[in-house]
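My notes follow the display.

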Amino acid sequence: ASDTGPSMTGPLPMGANGDGGAAPPSLAPATEEEKRLLRGVSLGRKATGAEVDAFLSASAAHMSDKAKTTFLGMTALQQFKVMYEGPLTDCSDSTEVLYARIQRFMGMESQLKKLASSGDGPPKERRPKERR
């Protein structure tokens with residue numbers, strides 16, 4: 001007798017080895033109404049004074065004086081974008097982290113706006129024009 005490993009005599013459980021699992025729901029393209037609503041959406045809002053104080057308190061151990069001054073000089077909307085990812089943790093340049101967080105947040109907003117303004121269906125592949 002050869003040992004070829006265990007054999008399965010019954011059906012595989014749902015989702016086992018990618019077989020029999022539930023298929024992801026099919027997503028219909030966004031309607032014009034949904035796109036219109038998304039175009040006006042802003043992920044950000046203005047940070048409150050209490051939120052700013054809590055963020056500064058939670059981040060104090062990892063925030064340089066320069067980063068704190070920079071943060072306090074930001075608009076309330078920018079402060080919210082920084083705070084969105086939670087308090088600062090140990091890092092080599094906390095000021096750089098503040099700006100990176102704003103850029104990531106703005107990237108999310110940009111993606112949302114692109115989705116809202118895109119046509120129905122997947123993006124078309126661009127092919128270089130042939131020279132004649």
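I am working from a predicted model, in which local features need pLDDT of at least 70 and side-chain atom pairs count only at pLDDT 80 or more, while totals for chains, interfaces and linings use all residues. Residues are numbered from 1 along each chain as its sequence is written, and side-chain values use heavy atoms, without hydrogens and water.

Entry 1, the helix pair. I looked up α2 (residues 49-59) and α3 (residues 65-72), and found that they pack at about 170 degrees with their axes 12 Å apart. That makes α2 roughly antiparallel to α3, a label given to angles over 145 degrees. The contact (heavy atoms within 4.5 Å) involves Val52, Phe55 and Leu56 from α2, and Lys68, Phe71 and Leu72 from α3.

I noted Val52, Phe55, Leu56 and Ser59 as the buried residues of α2, where buried means under 20% relative accessible area and exposed means over 50%, with a 1.4 Å probe and protein chains only. Seen down the axis of α2, these buried residues fall within an arc of 95 degrees, so they line one face of the helix. They pack against α3, α4 (76-83) and α5 (94-117), whereas Ala50, Asp53 and Ser57 are exposed on the other side of α2.

I located serine 94 in helix α5, and it counts as buried at 5% relative accessibility. Leaving aside neighbours within four places in sequence, serine 94 is in contact with His62, Met63, Ser64, Ala67 and Leu88.

Methods. Axes fitted to C-alpha atoms, helices over the stretch in contact; angles between N-to-C directions. Helix = DSSP H or I, 4+ residues; strand = E, 2+ residues; numbered from the N terminus. Parallel < 35°, antiparallel > 145°, perpendicular 65-115°, else oblique. Arc of directions from axis to C-beta.
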